[in-house]
Amino acid sequence: MRTTTIGKQRTLEAIHGAMNAHDAKKLASLFTESAVITDAGVPIVARGRDSIEARYRRSFDAFSDFTAAPSRIFVTGDVAIVEWSWRGTHTGDLGPAKATHEPTGAAAVDVLWFAADGRVEVLHSYCDWNTVLAHVGASPARVRPIPDLATRPLIVTNGGEAEPQNLAMARTMLGAWEKKSVSDFVQHLADDETWDDLTQAETIRGKPASKQLFADWIKAFPDAKTDTMNAWAIGDFVIVEGTFSGTHQGAFAGIPPTKKSLHVHGIDILQFDDGKIVKGWSYTNGLEAATQLGLVPPR
């Protein structure tokens, strides 16, 4: 028996209410007893309610005025994908970074699988912690500013005929990495598409810029490969959760080749209009790549 869309909405509303109330115990109660939370690029896995409660307490200790809001929610079957943003002041230790009392915040995505009773049994979370470290002065990277907390509408799968077509186009685009095919990567992009990689300071604008970026990545990681863990077509959107792997054999973004292997986790959201990708958003944890390439010490 599946949780209803209304049931998922109620749970999500309770989660964000408890987050803004800094009520870690209430948050943990919204998960099943054996629930699991993973954070992309972070080796610690929260397993079970006690561990989940401790995870949220660490966040509230690090950002004592933490506040968050969902920006867009996608629902299909027993899954919800929630884009959300948060803001706060760095008032407690964040790994090796001691409290700086600087403001920070970032955009994030959570993928949640629900049990029949409406509680969450699995959550995958994606947030660029390099953005946070840059805000508080612990990283020199150019990153996105602290986000606004804006809410967009709930989007539910409608089973329309465009959904499987959009999904097929997204798979062609992802398959371009292993084939090293520029044409496969760009053929479904609108000429004026925009792409926001939330680990980068600037938005990519237009098909030519995306084509050049793909070519640069292939030169830097000639054995690049993507593996899809999950993919959903929801209304005019396709959401793909997966991994990117490769060996850093060429210069990229000013970084000389390290010859190190890369295996990072991420999630892409693609918006379609009349058979073309018009907008894209990528969420990953830049620290996962930086650590594996030896650019920052393990945390």
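## Salt bridges and buried residues

Lys179 is exposed at a relative accessible area of 58%, where exposed stands for over 50%, buried for under 20% and partly exposed for what lies in between, calculated with a 1.4 Å probe on protein chains only. The structure is a predicted model, in which local features need pLDDT of at least 70 and side-chain atom pairs count only at pLDDT 80 or more, whereas totals for chains, interfaces and linings use all residues. Residues are numbered from 1 along each chain as its sequence is written, and side-chain values use heavy atoms, with hydrogens and water left out.

**Salt bridges**

- A search of the whole structure finds 11 salt bridges, each defined as a side-chain nitrogen of Lys or Arg within 4 Å of a carboxyl oxygen of Asp or Glu.
- Lys179 forms one of them with Asp184, the closest N and O atoms being 2.7 Å apart; Asp184, at 12% relative accessibility, counts as buried.
- The side chains of Arg72 and Glu83 meet in another salt bridge, at 2.6 Å from N to O. This pair links distant parts of the chain, 11 residues apart, with Arg72 in strand β3 (residues 67–76) and Glu83 in strand β4 (residues 79–89); strands (E, at least two residues) and helices (H or I, at least four) are DSSP runs numbered from the N terminus.
- Both partners of that pair count as buried, Arg72 at 6% relative accessibility and Glu83 at 1%.
- Glu202 and Arg142 also meet through their side chains in a salt bridge, at 2.8 Å from N to O. Here the link between distant parts of the chain spans 60 residues, from Arg142 in the loop between α4 (129–135) and β7 (154–156) to Glu202 in the loop between β8 (189–197) and β9 (204–205).
- Glu202 counts as partly exposed at 48% relative accessibility, while Arg142 counts as exposed at 60%.
- Lys25, Glu53 and Arg57 are linked in a network of salt bridges.

**Surroundings of Glu83**

- Leaving aside neighbours within four places in sequence, Glu83 is in contact (heavy atoms within 4.5 Å) with Pro70, Ser71, Arg72, Phe74, Ala108, Val109, Ile269, Trp281 and Tyr283.
- The side chain of Glu83 makes a polar contact with that of Tyr283 at 2.5 Å; a polar contact is a pair of N or O atoms within 3.5 Å, of which, within protein, one must be able to donate a hydrogen and the other to accept it, and residues adjacent in sequence count only if both atoms are side-chain atoms.
- The C-alpha atoms of Glu83 and Leu270 are separated by 13 Å, although the two residues are 187 apart along the chain.

**Surroundings of His248**

- His248 has its place in the loop between β11 (237–247) and β12 (261–273), and is buried, with a relative accessible area of 1%.
- The side chain of His248 reaches the backbone oxygen of Gly250 at 3.0 Å.
- Beyond its neighbours within four places in sequence, His248 has contacts that include Ala220, Phe221, Ile255 and Leu293.

**Helix α3**

- Helix α3 (residues 49–62) has 14 residues and reaches 20 Å from its first C-alpha to its last, close to the expected 20 Å, a span defined as 1.5 Å times one less than the number of residues.
- The buried residues in α3 are Ile52, Glu53, Arg55, Tyr56, Phe60 and Ala62, and what covers them includes α1 (5–20), α2 (24–29), β1 (31–39), β2 (46–47), β4 and β6 (120–127).
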